[in-house]
Amino acid sequence: MANQNSDKPGWWALLRRPSAKYSLLGIMVAGFFGGILFWGGFNTGMEATNTMTFCISCHEMRDNVYKEYQYTIHYSNRTGVRATCSDCHVPKDWTHKIIRKVQASYEIWGKITGKIDTPEKFEANRMAMAEREWARMKASDSIECRNCHNFDAMSQELQKKIPYKKHMEAKAAGQTCIDCHQGIAHKLPKGFKKPGTEEEE
Amino acid sequence: MKQLPATLATAVVAMVFSTSALATIDVEAAKDLTQQNNCMQCHGVKKDKDGPSFLKTAERLRGKAGAEEEVLKHLTSGKKIKLADGSTEEHKIVKTIPPKDMAQMKNLAKYILSIQP
């Protein structure tokens, strides 16, 4: 009501009013380039959160999982191919990536409340965190692993016999990478037993 | 009879040493290392899989001179192993965090040799 008595129209009225000054083409062109800038900025910002530098900017990652990962084949190997944090923990396609990023925003709450801010707290929560991540990978048929690894691309000649046999058995049984390869780039939680390896003791 | 105290002392020392040797095995750490390295995909503790059970290795080597070194060679050198079909391939080299930590390797070797029926 105040707007009606005022000389200046309200924001909503301003947005709804047809432009008397700019052509439709001008508005469309400006909107087009503005859209590109917005979208580019948004994606660049999101990609920045996919870098290893970003991931290890928190000591919780840098002092625990990152340290362990540095000793594994996904960090350093004969051929010089490196899988960084996001290569394994963030899906590549846009929709799943956005969903994962939204889920990951809950980790900020963990950071604020200091849920894993000491090595002891990290170890105490390692099993829960690992199981959550394994369940996510299992549900997606280990989609991040499969960006690089594929049963059909495994060479019978080049792969060692026993691993090849196990891989083909796994393929026939409809298993996925994470069914066997837990802890491939990080320490396993203490006391964890891989399925099928529990022994009569 | 004069030798009796000396014999007893030797026996006591031997018992203390063997007990302390047993006590130095960190079984949980050894089991965690077997899980980390997927050992149990090919070896059972008491069950033969593609590879012999830990028990079979223990029974083959236990009490022999250089038993621990023999197991360590398997764990660390990629020694050739014979498969069921008669062919050979290199045994996986066990990885530790930090790398090549002989204390962890020795603990695992001792654990394997300690398996009882």
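Tutor: The largest nonpolar core has 12 residues: Ala30(B), Leu33(B), Phe54(B), Ala58(B), Val71(B), Leu75(B), Val94(B), Leu108(B), Ala109(B), Tyr111(B), Ile112(B) and Leu113(B). Such a core is a set of buried Ala, Val, Leu, Ile, Met, Phe, Trp, Tyr and Cys residues joined through C-beta atoms within 7 Å. Buried means 20 or more other C-beta atoms within 10 Å of a residue's own, with C-beta atoms placed from the backbone. Helix 2, helix 3, helix 4 (67-76) and helix 5 of chain B each give two or more residues to this core. Helix 5 of chain B has the largest share, 5 residues. Helices here are DSSP runs (H or I, at least four residues), numbered from the N terminus.

This is a predicted model: local features need pLDDT of at least 70, side-chain atom pairs count only at pLDDT 80 or more, and totals for chains, interfaces and linings use all residues. Residues are numbered from 1 along each chain as its sequence is written, while chains are lettered from A and ligands numbered from 1 in the order in which they are written.

Now the helix pair. The axes of helix 3 (residues 54-61) and helix 5 (residues 102-114) of chain B come within 7 Å and cross at roughly 85 degrees. The two helices are therefore roughly perpendicular (65 to 115 degrees). Axes are lines fitted to C-alpha atoms over the stretch in contact, and angles run from 0 to 180 degrees between N-to-C directions. Helix 3 of chain B contributes Phe54(B), Thr57(B), Ala58(B) and Leu61(B) to the contact; helix 5 of chain B contributes Ile112(B), Leu113(B) and Ser114(B). Contact means C-beta atoms, placed from the backbone, within 7 Å.

Notes:
Angles under 35 degrees count as roughly parallel, over 145 as roughly antiparallel, 65 to 115 as roughly perpendicular and the rest as oblique. Two residues are in contact if their C-beta atoms, placed from the backbone, lie within 7 Å.
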